[in-house]
Amino acid sequence: MIRILGDMRDGVGESPFWNPDDGAVWSVDITGKRILQRHLGSGETQAFATEDLPTALALDAEGGAIVSFAGGVARWRDGRMDTLIAVEADPAMRLNEGACDPSGRMWVASMENNLTPDLQPRSQERARGRLFRIDGDRATAMSDAEFGIPNTMVWSPSRDRFYLGDSLRNTIWVWDYDDSSGEIANRRVHVSGGPGVPDGSCIDTEGYLWTARFGAGRVIRYDPDGQPEREVLLPARNPTATSFAGPEMTTLVVTSARFGLDNPSVADGAMFAVDTGIVGHPENRFRS
């Protein structure tokens, strides 16, 4: 069964993160410039406005979060933002994807901005986004300038694999990951092609990736070899990100987008909750 959580619809919903302490799924709405808290049971939603575009978040253990904004990374709590850590010096670039590794370090990925100042779509000149790891108050580049629209940022439950995708190249890669050093190596293709393009992903306790396929109205579960194992069809055209939630961690939550659609349906931009019967791996919290 698929449920819609609440009446609020996102322009571009992203980065769902389950918090068992308040029974809510936190997320961001990029084009809506807001951080959202949706109660998993009732769907009751609270929105916190932001000045910059919030692109991803990870909760911490103190009741706050670390948030990737278009212009950098900052700690956030109850609507208040701390000092921004700048990541890209070029104003033509912005951050897009972000998540914490198993040791609580924040990672983000950038892209050439595809939005005008008044939030209209603009074309990109070239793919030149990079992957970064946030170390203290600085950003360490972990890749060359190559990504068009980076999406999917996930670590395996065994802490030895790291996944990152690029929607423009319709590809998800996997690296070997060393949790003690935070280094990645031995990049190879994990998933290439498929319906729609890969957006955000999460992972379950069996090491299977659950990827939102933007433009295809579905989530695909991929096995550790990158083969599709099942699909979850959704009533929204553009699912954007996934995560597991609930007391048993068997509820898949999926954000979606209505931005750019000429005739969005009532479900476009909604957050969905899907009972899977499969136990998901919790999102990694930020540790300062």
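**Exercise 1. Salt bridges**

Solution. A salt bridge requires a side-chain nitrogen of Lys or Arg within 4 Å of a carboxyl oxygen of Asp or Glu. The structure is a predicted model, in which local features need pLDDT of at least 70 and side-chain atom pairs count only at pLDDT 80 or more, while totals for chains, interfaces and linings use all residues. Residues are numbered from 1 along each chain as its sequence is written, and side-chain values use heavy atoms, with hydrogens and water left out.

Next, take the pair R128 and E112, whose closest N and O atoms are 2.8 Å apart in a salt bridge. Strands here are DSSP runs (E, at least two residues), numbered from the N terminus. Finally, both R128 and E112 are buried, where buried means under 20% relative accessible area, exposed over 50%, and partly exposed in between (1.4 Å probe, protein chains only).

**Exercise 2. E206 and R221**

Task: State which residues are linked with E206 and R221 in a network of salt bridges, and whether R221 is buried or exposed.

Solution. The salt bridge between E206 and R221 has its closest N and O atoms 3.3 Å apart. E206 belongs to the loop between β18 (197–203) and β19 (209–214), and R221 to strand β20 (residues 218–222), so the pair ties together parts that are 15 residues apart in sequence. The network of salt bridges links D204, E206, R221, E229 and R230. As for accessibility, R221 is buried, with a relative accessible area of 3%, whereas E206 is partly exposed at 48%. R221 also lies over the face of Y208, at 3.8 Å from the ring centre; the rule asks for NZ of Lys or CZ of Arg within 6 Å of the ring centre and within 35 degrees of the ring normal.

**Exercise 3. The surroundings of R169**

Task: Locate R169 and identify which residues it is in contact with, leaving aside its neighbours within four places in sequence.

Solution. R169 is placed in the loop between β15 and β16 (171–178). Its relative accessibility of 36% counts as partly exposed. With those neighbours left aside, its contacts (heavy atoms within 4.5 Å) are E146, F147 and R187. R169 also forms a salt bridge with D166 (3.1 Å, N to O), and D166 is buried at 1% relative accessibility. One of the contact residues, R187, has its charged end over the ring of W173, 4.3 Å from the ring centre.

**Exercise 4. Aromatic pairs**

Task: Find how many aromatic pairs there are, and classify the pair F48 and W76.

Solution. Rings of Phe, Tyr and Trp (its six-membered ring) pair if their centres lie within 6.5 Å; planes under 30 degrees apart count as stacked, over 60 as edge-to-face and the rest as tilted. The count comes to ten aromatic pairs. The ring centres of F48 and W76 are 5.3 Å apart with planes at 80°, so this pair is edge-to-face. The pair joins distant parts of the chain, with F48 in strand β5 (residues 45–49) and W76 in strand β8 (residues 72–77), 28 residues apart. Both F48 and W76 are buried.

Definitions and conventions:
Helix = DSSP H or I, 4+ residues; strand = E, 2+ residues; numbered from the N terminus.
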